[in-house]
Amino acid sequence: MKTNREIEHFVAPVEETPLLATDSLKTDQAPLSLWADAWRKLRRRPLFIISAVMIALIIIVALFPGLFTQVAPNDNCQLANSDGAPAAGHPLGFTFQGCDVYSRIIHGTQASLMVGVFSVLFVLIIGVTLGALAGFYGGWIDAVIARLGDIFFALPLILGALVVSQLPFMRENRGVWTVVMVLVVLGWPQMARITRGAVIEVRNADFVTAARSLGVSRLGSLIRHVLPNALAPIIVLATMELGVFIVAEATLSFIGIGLPGSIMSWGNDIAAAKSSVRTNPAILLYPAMALSVTVLSFIMLGDALRDALDPKSRQR
Amino acid sequence: MTTSDVIISEADRADKPLLEIRDLAISFQTGSGEVQAVRNAHLTIMPGETVAIVGESGSGKSTTALAAIGLLPGNGRVSGGQILLDGEDISQAPEKRMIELRGNTIGMVPQDPMSNLNPVWKIGYQVKETLRANGRPCGPADVAKVLAQAGLPDAERRAKQYPHEFSGGMRQRALIAIGLSCQPRLLIADEPTSALDVTVQRQILDHLEQMTSELGTSVLLITHDLGLAAERADKVVVMYRGNVVEAGPSLELLQNPQHPYTQRLVASAPSLASRRIQVAKELGVESDELLAPGTSPGGAVVVKPTMTEDVLQIQNLRKVFKLRSGFGKSTDFTAVDDVSFSVKRGTTTAIVGESGSGKSTVAQMVLNLLQPTSGKIVFDGVDTSTLNNKEIFAFRRRVQPIFQDPYGSLDPMYNIFRTIEEPLRTHKIGDKASREKKVRELLDQVALPQSTMQRYPNELSGGQRQRVAIARALALDPEVIICDEAVSALDVLVQAQVLNLLAELQSRLGLTYLFITHDLAVVRQIADHVCVMEKGKLVETGSTDDVFDAPQRDYTKALLNAIPGARLMLPPEVA
């Protein structure tokens with residue numbers, strides 16, 4: 001439908017929008033990898049800064065408890081001090097057994113953190129391997145791994161832990177490693193699921209096909225291309241699970257199937273404090289606070305990482 | 001508004017602009033401060049007129065149109081100028097007023113028919129929703145009428161179907177029905193057909209044109225295709241980097257582009273330029289010089305030797321996919337049916353077809369990424385299905401792909417150096433130093449600065465990524481390159497650049513291309529031979545000139561006719 005109306009021919013002066021070379025390369029910025037980009041975003045986020053500082057502090061406490069308290073946690077416990085109020089040199093008071101609360105919290109960090117770190121480590125090794133194989137190869141491998149995971153997934157943590165920790169081997173060797181084992185056995189399917197999903201999303205990307213047609217083997221393309229690109233959700237989950245595992249350890253210790261009483265941990269302290277809740281609730285409050293702050297830090301870090309590693313937020 | 005007012009304004013309307021955009025500026029609030037997306041945009045649409053905005057991605061064409069209907073994304077705002085609808089400035093109008101205008105006065109046909117219909121509601125309901133929102137009768141008969149007007153056959157039954165039961169073309173018709181259902185005076189069509197096959201595109205645009213001229217609707221058409229714009233619009237507005245650089249009557253603009261950017265655009269538009277390259281070839285002129293004045297890397301003009309050896313022979317190729325249909329049952333779907341053709345060394349063969357024609361499946365089989373159900377692919381005298389793992393590894397060195405999506409084909413975790421080096425490392429060629437030297441050479445070959453090596457794909461534009469993909473494909477000195485829609489995702493100017501690069505590399509390195517594309521205009525620019533595919537079958541083969549000048553089959557004719565701009569008769573000095 002063409003009209004006869006006069007249409008004016010307008011041309012903008014060239015100076016107003018000088019012509020750029022078609023498709024010129026931006027060279028004014030430093031190159032950015034995914035990690036560099038994520039770091040740039042992270043370092044300005046208060047959520048990340050606070051959680052990172054907290055976690056750094058917790059790690060230092062776990063590694064060098066001697067820096068924070070000179071009071072030995074278990075020597076010199078005097079029943080005269082049972083449930084005692086704070087005194088000079090004992091800022092948080094005394095437990096039912098007359099031990100220093102502050103010192104026990106500081107020294108308990110190590111066990112709690114160790115359980116968290118090692119559980120996540122093993123969950124990563126098992127979960128990522130199985131999840132990646134299931135997602136990448138599909139077919140019967142996927143079916144077997146997925147069903148296997150579902151079996152463990154269906155077990156509630158407490159019930160599962162009760163059963164597993166009653167095995168004779170576990171009963172005789174109770175300690176950090178048995179708790180880690182229980183948590184790994186019950187925790188890997190979650191990681192495997194996330195990995196599987198992330199791998200499925202990436203495996204059909206053009207760059208994987210491109211790598212295959214360059215002659216890269218299937219396993220090679222999984223390790224070199226698919227996994228690195230599926231890493232972001234795995235890292236986020238691992239960070240958050242660290243916090244979750246520390247809580248789980250405390251829960252198990254609280255009901256008496258976690259760490260034995262001889263190992264200082266926040267869970268054990270909370271369990272021991274329950275008998276004095278009515279007389280001196282503070283001694284329950286302090287280890288519980290240590291636990292909450294630690295877990296919160298890891299979950300906050302996971303949140304910050306999730307935002308920073310979100311591929312959708314990256315410039316194209 | 002009283003009746004007499006309406007009569008007066010009806011009479012006035014004919015020579016008053018319906019929509020006038022004056023000095024429009026739009027800015028977006030981003031993480032790095034406020035960014036100006038549009039500056040000084042001018043635009044006038046008279047009643048009943050069709051105006052097209054043309055520009056590359058990021059030129060601000062969609063943003064301008066969205067501002068006119070008050071649908072800028074949350075972080076965008078009109079920071080200056082006016083948008084006058086019938087003399088009323090709506091650039092800062094309250095949301096309530098905009099809701100009144102939308103649908104009734106300004107309609108919209110969005111870009112992507114696949115994602116713009118709500119999958120959980122029936123088509124009829126979605127039409128009804130629009131009618132009801134604008135206070136129009138919305139009984140089943142009205143809905144069916146609206147759909148029938150948009151050219152949907154059997155509208156009453158169709159209205160009861162869900163979007164997934166519709167093909168892409170039918171969905172776009174439904175969207176057009178929704179856009180026009182309340183008989184708006186202005187219809188904004190944002191790339192209404194860019195996701196559709198050319199023949200469907202043609203039908204839809206014809207129908208849209210017919211409907212809007214019957215209703216006297218003005219149309220603001222947004223497109224990246226200059227040919228399409230010129231064919232469909234009275235007036236073309238060219239936008240570049242947020243500015244209107246040229247506006248005028250469509251034919252005049254094509255014949256006599258004034259602004260250097262428009263000149264560049266007219267020179268590169270494949271639908272318009274195609275014919276010219278044919279002439280140029282006969283004259284023996286290097287195509288670069290014509291397409292991109294000033295950018296041709298002078299010298300090294302090698303006349304393509306005429307070779308006769310078949311490097312690839314495809315014989316009776318068939319591929320059947322099993323489609324799952326409920327419990328353990330499966331139905332056969334023949335994606336590729338009895339396809340035979342051969343590719344001569346040093347030439348370009350294009351496989352053309354619409355979506356679902358099986359052209360990409362052929363490419364996958366040639367690349368040995370999919371096993372054919374029957375038939376043979378003979379590469380350099382050897383049947384590729386008989387290769388063992390080691391031989392396939394060697395085969396991969398000689399046949400390389402370039403994929404469609406420049407955003408998907410490069411690993412975002414690899415910097416450009418690692419990306420291009422990967423094939424060399426995989427095939428254990430050279431040591432570290434010699435590989436780095438080779439990567440530098442390859443970057444030179446694809447005309448990227450060597451400093452690109454340290455960058456990551458997300459920092460590059462689509463065209464630059466496609467160059468990197470080409471460099472990676474060239475790293476192993478292959479003989480055959482399979483380009484699967486390698487330029488379809490690129491802007492016209494960039495597309496022309498990449499096509500030139502491919503042509504230049506072919507003449508320099510004697511490469512053979514198998515070019516898979518849906519775009520016939522591109523085929524004419526680069527291919528020596530064409531195979532036209534329809535629904536898995538080979539419909540027509542022949543030399544490009546033969547197929548274009550004297551197509552034998554109806555399907556080929558329909559495809560050729562559907563190239564936007566093909567019907568434009570440009571004067572000889574331009575065409």
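1. Leu186(B) stands opposite Ser218(B), a residue of strand 8 of chain B. Strands here are DSSP runs of E with at least two residues, and helices are runs of H or I with at least four residues, both numbered from the N terminus. Strand 7 (residues 186–190) and strand 8 of chain B run parallel and are joined by five bridges. Two strands are said to pair if DSSP finds at least two bridges between them.

2. The model is predicted: local features need pLDDT of at least 70 and side-chain atom pairs count only at pLDDT 80 or more, whereas totals for chains, interfaces and linings use all residues. Residues are numbered from 1 along each chain as its sequence is written, and chains are lettered from A and ligands numbered from 1 in the order in which they are written.

3. Val219(B) is found in strand 8 (residues 218–223) of chain B. Is Val219(B) buried or exposed? Val219(B) is buried, because 26 other C-beta atoms lie within 10 Å. The cut-offs are 20 or more other C-beta atoms within 10 Å for buried, 12 or fewer for exposed, and partly exposed in between, with C-beta atoms placed from the backbone. Leaving aside residues up to four places away in sequence, Val219(B) touches Thr50(B), Leu187(B), Ala189(B) and Thr212(B). Contact requires that the C-beta atoms of two residues, placed from the backbone, lie within 7 Å. Pro163(B) is 56 residues from Val219(B) in sequence and 25 Å from Val219(B) in space, C-alpha to C-alpha.

4. Strand 1 of chain A pairs with strand 10 (residues 243–249) of chain B in the antiparallel sense, over two bridges. Within strand 10 of chain B, Ala247(B) is the bridge partner of Phe10(A).

5. Between the chains, 39 residues of chain A are in contact with 58 residues of chain B. Strand 1 (10–11), helix 8 (206–213) and helix 9 (218–254) of chain A each supply at least two residues of the side of chain A that touches chain B. Helix 8 of chain A gives the largest share of that side, seven residues.

6. Chain B is assigned domain 1 (11–268) and domain 2 (310–323 + 345–561), with bounds from an automatic or database domain assignment. The centres of the two domains, taken over C-alpha atoms, are separated by 35 Å. Nine residues of domain 1 of chain B are in contact with nine residues of domain 2 of chain B. On the domain 1 side, helix 8 (198–215) and helix 11 (260–268) of chain B are the elements that give two or more residues. Helix 11 of chain B supplies the largest share of that side, three residues.

7. Overall, chain B has 22 helices and 20 strands. Of its 575 residues, 48% count as buried.
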